[in-house]
Amino acid sequence: MTRKQMNLLQGTLDVLVMKSVAIEARHGYGVAEWIRDTTDGALDIEDGALYTSLHRMEKRGWLESEWGVSENNRRAKYYGLTEAGGRELSRATGDWSRYAEAVFKVLGSEGT
Amino acid sequence: MRLPPRVRRLFRLGSQTQIQRDLDDEIQHHFHEAVRSGVQRGLSEDEAIRRARARFGDERAYRKALRTIDEGRVRMREKSEFVDGAVRTVRFALRGLQRAPGFTAAIVTILALGIGANSVMFGVVDRLLLSPPQHVTDADDVRLIQVRRTLSNGDVSTGASITYPDFTDLGNVTGFALVAGYTNPRPWTIGRGADAKRVRVVGTSASLFPLLGVQPALGRFFDANDDELDAEPTVVLAHELWEREFGLDPSVLGTSLDIGAGRYTVVGVAPAGFTGAELAPVDLWLPMKVHESIESGDGWLDNRNWYFLHAVGRLAPEVTGERATAQATAAHRSGRAEMAAEDRYDTDAEIVLAPIIAAQGPSLTSQAQVARWLGGVSVLVLLIACFNVANLLLARSIRMRREVAVRLALGVSQARLTAEVVTESLVLAGLGAGAAVLVARLMGRAVHQSLLPNVAFSDATIGGRMLAFTLAATLVAGVLTGAVPALQARRTELVDALRAGGGNVASARSRTRIGLLVGQAALSVVLLVGAGLFVRSLNNAQALDLGFDADRLAVMSLEWNETLPAAERRAIYEEVLAGVRRLPSVREAGLSYTVPFRSSISIGTPRVPGLDSIPRHHAGGPYANKVGSGYFGAMGLTMVQGRPIEAIDDAEGAQPVAVVSASMAQAIWPDGSGLGSCMLVGDEPDTPCTEVIGIVENHRREQLVEDEPHFLYYLNQSHPAFSGPPQVLMAGTVGDPAAALLLIREEARTTSSQIRFVNATSMTDFVEPQMRSWRLGASMFTAFGLLALIVAGWGLYSVLAFDVALRHHELGVRAALGANRSRIVHLVFRQALTLVGVGVGVGLAGAAGMARFVEPMLFRVSGTDPATYAIVVVTLMVVGGLAGLLPAVRATRVDPREALRAD
């Protein structure tokens, strides 16, 4: 495990979380697992911070939750994206792409 | 916002423990999954736990943060759900009301009338009793100055009128920061020719405005220079006159205005609604000294018998009312010392300082007393309205019992149902208040103009205080009307209602409604008795024999272009008289110097040869008048003996003759030898004999009630007091003088171009103000009483009709068992009349209990007048019978088969 780990900005974590529950409703551990798997563990996120993000977005009305039964037959709280959350996700995704594009442009011009 | 637990339960809100439990479950689930997955990947359980913990971070800190977030979330949801809930409840109520438009309209109307009437009466009471006149600042320090003294006949009088020397005495009292004197509003003419108008004019000292603390709307008020005898005449316009006559044009400043005999320069405009220290409307303010000297010369300056001023003072800082009273009394007595020493004035005369807010004062005008009662009455009317609305709501809630029971069974909470009922009544009260503002506007204007024309109300009928009152009344009405049905709704027992199938009304439940009905009937009785007593008072006052025919009498006086000599004025009066006599609607006409209820003249006591002195009357006098031929006929006065003054007595050089009133003749010549006797009118030693040619019936001089007829006599000759032209033309009319007035005015106007203004009114205009308090009481009590009666009768009807509907089944069974129609009718009527009967009993007792307090305001009617009570009882019984009629008929139409099948 010598991979470089990155610190995340608050807003970035929210985008990732929204993305993960946009695909399908997940419980907290499921979200953590999905992010780890998708990024090959490149992002070092404390699970506690992840839950904070989930609860905060639920309060804002971007996520909604429901108690259900997990694949292992346990009571679990599942999160899904609300309509407002969907709008927020596409807005944030757009911002992020433009931001990343701009950074790549700067880095690319320096390399040549 | 923290909500009380009951409300939280009502909306089934999450609680603290629920948040904690969910959080525990979620985190526990997380660790469970994390450890399970670690173990799956081949870690030891301990290692898996360690890694999961490390990955999570500081669990305690995160838990705390999560909890805070969740609590915030729940609070937000509670708030929005509460608002949603309230909106939903209001919508629910509105939908319910929409479904029953007749019911809603009925309730809104009742409430609008109840609340509207209350607002109007509050406005009246507020103006007459509770508030100082408009624009008076620091009213607590302002005192109306009155004089209490014993008159020569032993009566004690407290009066507001003082003389100019009395006023200057008060000016030296150090207990007052300022003292102001002003006249009553007097009718005066402004403009000339066809544009001439009558306006109400007050002459005042310049100090009135700073004393009351009022600021001009335009220009300035008077300063000390305007208030000098020889000052250039200036005038301040009332805002209302400025608007009416000048369209609020500011360039009116500096222009001049013809007022009476003078020409005045406009220097300022008073703010809207300003009426000085009194409540009567005013059009123009003039400097008192200038105005008085233009109109009356300077006789008033040092005359202590010329009462024409009212005075008001503002207490100096730190000075108590008692100290100022003592100082003012001392000043008044020292000013009057000379007269008192000659026994022409009361040595113990006192100054009385009355607060400018009537309710704080020692004595109320009869008008204010009646208004205070009406304020109480209007509260009764609102109570009746509330009772009735509560009853209607209650009847409805009973009809909806089954629905309520079903909803309760479905888990709707009691609290929710209560909230719905109360919301419904508040919504109704709100709608009622909206309509009430309209009612108050219309009714307010009518009441102010027709019943209280002598009080200036502000144009904004709905003032801030009144609006506050209306809102308060609405809230009270809403809660009152909601409370009863709400309590009933709560008492609905689930099983009971479901089993009963909505058809059977338990007696306990209708007890409240019966109580409400009896209460309504009782209140109606009280109001109608009040109405009856005031109507009888007014009738008694109107039926009084004044001696002359006030309602068949026109009074006309002329105003002149000022330079016209007296002889020409007399000639024009004669000419107008000739013309007026030719009018077909005029029975008879004559000239006079004084008018009953308006003016009288005392020219000293005539002497009678052979008598040392003639008997005195406690009301003063005898009062003299110079009249022309036709006067007695026009007045409708009958000669007791002898003949009236006739055309031959009018002629130049005719013998001096007199007609004496019966009371005066009786006092001087008790043996009946008056006719043909000689009277000496005047103090000169060589005064010729004035022969008494007639004795005429008595008439009232200035009051509706004068216990002993005053001494009056009439002359044909010029005594110095009557050296000028006649003052007035009296015309007896055929029928109502209104039509004749137009013709008389026209006749006079076309007679001479020297006439500036023709003032023609009906004699009743002079008498009417003395009847105002009874008229106010009679009209308002009648209006309120009828309103209460309609509302109560209708309430009774709706309850009976409703009961018949509910007892459909029972009546069907009775009919099936052979009860005949009359029995069933009897059943319904008995209920109606019992209710009304009990209510009437309670009401009569209440009215009798209050009789003692109303009596002083009545006129020649006892507070327990049996005839009035009897009429009210009959009225109530008739209304009760009518209310029972339709339901009774409906009850007889119940078809037994149908009724039995329905269950």
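Q: Leaving aside neighbours within four places in sequence, what is Phe784(B) in contact with?
A: Ala117(B), Val377(B), Ser378(B), Val381(B) and Leu527(B). Contact here means C-beta atoms, placed from the backbone, within 7 Å. This is a predicted model, where local features need pLDDT of at least 70 and side-chain atom pairs count only at pLDDT 80 or more, while totals for chains, interfaces and linings use all residues. Residues are numbered from 1 along each chain as its sequence is written, with chains lettered from A and ligands numbered from 1 in the order in which they are written.

Q: Which residues touch the most other members of the largest nonpolar core?
A: Phe784(B) is one of them, and others include Leu111(B), Ala385(B) and Val525(B). That core has 106 residues. A nonpolar core is a set of buried Ala, Val, Leu, Ile, Met, Phe, Trp, Tyr and Cys residues joined through C-beta atoms within 7 Å. Buried means 20 or more other C-beta atoms within 10 Å of a residue's own, again placed from the backbone.

Q: And which helix gives the most to this core?
A: Helix H12 (residues 366–399) of chain B, with 18 residues. Helices are DSSP runs of H or I, at least four residues, and strands are runs of E, at least two, numbered from the N terminus.

Q: Switching to H9(B), which residues are buried there?
A: Met288(B), Lys289(B), Val290(B), His291(B), Glu292(B) and Ser293(B). Their cover includes strands E4 (176–182), E6 (197–204) and E11 (284–287) of chain B.

Q: What comes just after H9(B)?
A: Gly297(B), with a positive phi of about 70°.

Methods. Buried ≥ 20, exposed ≤ 12 C-beta atoms within 10 Å, placed from the backbone. Contact = placed C-beta atoms within 7 Å.
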